[in-house]
Amino acid sequence: MSKETAEADNGDDRSVEDILKQLDTSVDGLSAAEAKARVARYGSNAIKEQHISPVVKFLSYFWGPIPWMIEVAALLSAVVKDWPDLAIIMLLLLVNACIGFVQEYKADNAIALLKKKLALNARVRRDGKWQDIPARELVPGDLIRVRLGDIIPADIKLIDGKYLEVDQSALTGESLPAEKKTGEDAYSGSIVRRGEMDAVVTATGMNTFFGKTARLVQETHTVSHYQQAVLRIGHFLIMLTLALVAIIIGVALFRNTPMLETLQFCLILTVAAIPVAMPAVLSVTMAVGAVRLARRQAIVSRLVAIEEMAGMDVLCSDKTGTLTQNRLSLGEPVVFADITASELIGYAALASREEDGDAIDKAVIEKSDDDVLSGCVTENFIPFDPIIKRTETTVLKEGGKYKVSKGAPQAILALCNEDDVFQRKVESAVEELAGKGYRTIGVAKTDEDGSWRFLGVLPLSDPPREDSATTIAEARKQGVSVRMVTGDHLAIAKEVARQLHLGQNIASAADIFGKGKHVLDEQIEKVDGFSQVFPEHKYRIVESLQRLNHIVGMTGDGVNDAPALKKADIGIAVSGATDAARSAADLVLTAPGLSVITEAIRESRRIFERMTSYSIYRIAETVRILLFMTLAILVFDFYPVTAIMIILLALLNDGPIMMIAYDNTLLAEKPVRWDMHKVLTISTMLGVLGVVASFGMFWIGEDWLHLSRETIQTLMFLKLTVAGHMTIYLARTGDQPFWRRPFPAGKLFWTSEATKVIATLMAVYGLSIMQPIGWKLAGIVWAYALAWFVFNDFVKVQTYRLISHAAKHESRHISRIYQSLHNHYR
């Protein structure tokens, strides 16, 4: 830490001038040239990350359980002096390492680009003007403004403003916000909960007080439901592989087969059967999906949230700026005091601040009359706070002094000591305007004795976005129920819901969550929308819906929305959200409206389909190869393929598997959830059919064509490769025949066909690693594989229908039991 920075951190008794002088800055901030010079001097305002050398990263792919198995197999080949096997085993090891390294490198780059888009901005005064810059460009001596919802981007000393409340829990563990005043320090990574102040930056980057632990953007390393299911499949395949390999070793011992060769074969068989590529397939599929979403202006901050979104069936959406345009225009004011409408707007403008960019402030200031505002000087401005729901300022004019406040009508009424008749009159006006779709704000000022007087109501209209109604209809088609959540009045919420065809069962949060009320989850589930919602209500809404087994998405933009965004399965920070909301969210929208979310739902379901395709294919292949090998050894005392052939099978499988991440898929019409029973049934069925087909090919070669065992091994190698890669096409088409789905993506199709052609050339010509079979036998294998492909597809479709029929029957049975119990206890 520099000398001046260290000194600025000590003590709170110096004047603002002394602090600024110590940091060699002024109330106009730094110049652009000086800021550039200080970046070179202090470095960027960022926490240094530990980057692993690409060489070390590459070498790490040779270390671990799977590489160890391959390396032991290579060592055994060297011991028995089987040099061709050794060369191909080393090639397998190298190819696996290269594929893993390249694909993870691509995924890491994609994630790094997304993180750049999520980088925080800071409001800074440079060259005498306020401007927004990336937080990483801040330097000691910069003047910045921090306000409600901001994540403090550097260590700062507060120099101007009334007060600030900051949440330091992520840094210090304090559960309550800390109050800060002029002259006090606030630290990087803290969240502003209330207030607004100007400050000077005292330390940046690694020189901040919490430089080694604080992060501007916190990473979340959680495993989604779907990832857990896929990993369970991986564990299942590993256990199945080890069990069958143990049987093969036991039989080899009984038959006195050379142990070195048996161990080598079993190690290679294990490597081929275990889903080595699973982590790479997961990361690449997620990264590809995240990049596609980023192009559609939705930034993913937690990759696994893409999978969760595929199952989302309830979306709780903000109204303002998401369902509506967030372009407020002022209507005809309703005056309750002895002033003109122009004066009412003028008083509201005094309680506004244009530089904050607030939509309400902007609408009021645009309609205000300069003559009304002339001669007025404001001080002690208190920005809008979601707790008190109003702004306030002190006005000096011609020697006099008074306060003005604007905000929610109920909050302004609470300030004023008006009688019941007057309050009912105001509430009636608010109701009438709300029924016409207007949002209202109340305006009040203090009299000479300091008592507040209600002046009037300003109506603001925020019409629905042009695409909102069609987007909501589209979401319903996708099986997602959209619930409106707004802080506005009940009548406004009902009017907007009517225009958007959301349903008229709109409930006031005060009525549902009133003091002492016991809320039933089913009650909340039936509501189409919620009005007059406070942040704590959002959390309870999410919690109730989750208890009813819904996967819930929640949109938010404010600092107090963060708990609900964290609680939701998919937290969505809308366009223009505060830094705190963005840091808590899984998905950050950079464009207004819901259409981005519906596109994210579509993309997540495509990803889910790709992952399901991979899972079915991977299980089917493991069952097919392992079961066939084990039974052939047990029954015929014959190794149907050699160790080299198994290695080649594994190598040829790697390409198509990686291309599944880019495949074209049909879009699921409803939310999708992991169905382990269905996946295991379909994949096992395909695997067993593959085993039957393999023994059929073995019988043709042995008893019909009378081929030698070496030739039969080549025949089986080609059959396993061609039929295996055709299984990808069966897995990707789900419950439909293979010709009804979208054609495979070019990357998947051509990679799959290229590997089959390579395998065919190897089998036809032998290439000194297997017995050549010629084009005639290769043609027989292709024809045989294609015939089984068509048959397998027919069986697959019928199996899906049986599973669907059984599920419907079970559902009806459960419904009848539930109904009978309901009737019994009613």
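In this predicted model, the pLDDT (the predictor's confidence in each residue, from 0 to 100) stays under 50 over residues 1-11, a stretch for which the model has 26 contacts (heavy atoms within 4.5 Å) beyond four places in sequence. Over residues 212-222 the pLDDT is likewise below 50, and beyond near neighbours in sequence this stretch has 20 contacts in the model. Where pLDDT is low, the predicted coordinates should not be read in detail. The protein chain as a whole averages a pLDDT of 81, with 85% of the residues scoring at least 70. Confidence is lowest in helix H1 (residues 3-8), at a mean of 36, and highest in helix H28 (residues 746-765), at 94.

Residues are numbered from 1 along each chain as its sequence is written, and side-chain values use heavy atoms, with hydrogens and water left out. Because the model is predicted, local features need a pLDDT of at least 70 and side-chain atom pairs count only at pLDDT 80 or more, whereas totals for chains, interfaces and linings use all residues.

The protein chain has 29 helices and 23 strands, which are DSSP runs numbered from the N terminus (helices being H or I with at least four residues, strands being E with at least two). Of its 826 residues, 54% count as buried, where buried means under 20% relative accessible area, exposed over 50%, and partly exposed in between, for a 1.4 Å probe and protein chains only. Among the contacts with a separation of 6 or more, 71% are accounted for by residues 24 or more positions apart.

Helix H13 (residues 359-367) has as its buried residues Ile360, Asp361, Ala363 and Val364. They cover an arc of only 165° around the axis, which puts them on the same side of H13; the arc is that of the directions from the helix axis to the C-beta atoms. An α-helix has 3.6 residues a turn, so residues three or four places apart point the same way. The exposed residues Lys362 and Glu366 are carried on the face of H13 turned away from its buried side. The cover over the buried residues of H13 includes helix H12 (341-350) and strands E11 (329-330), E15 (400-407), E16 (438-446) and E17 (452-461).

The axes of H12 and H13, as lines fitted to C-alpha atoms over the stretch in contact, come within 9 Å and cross at roughly 135°, with angles running from 0 to 180 degrees between N-to-C directions. That makes H12 oblique to H13, since angles under 35 degrees count as roughly parallel, over 145 as roughly antiparallel, 65 to 115 as roughly perpendicular and the rest as oblique. At this crossing, Ile345, Ala348 and Ala349 in H12 meet Val364, Ile365 and Lys367 in H13.

Tyr438 is placed in strand E16 and, at 26% relative accessibility, counts as partly exposed. Leaving aside residues up to four places away in sequence, Tyr438 touches Leu433, Pro459, Leu460, Ser461 and Ile492. Thr208, by contrast, is buried, with a relative accessible area of 7%, and has its place in the loop between strand E8 (191-203) and helix H8 (225-254). The C-alpha atoms of Thr208 and Ile156, which are 52 residues apart along the chain, are separated by 9.3 Å.

Ser768 lies in the loop between H28 and H29, where it has a positive phi of about 65° although it is not a glycine, and at 78% relative accessibility Ser768 counts as exposed.
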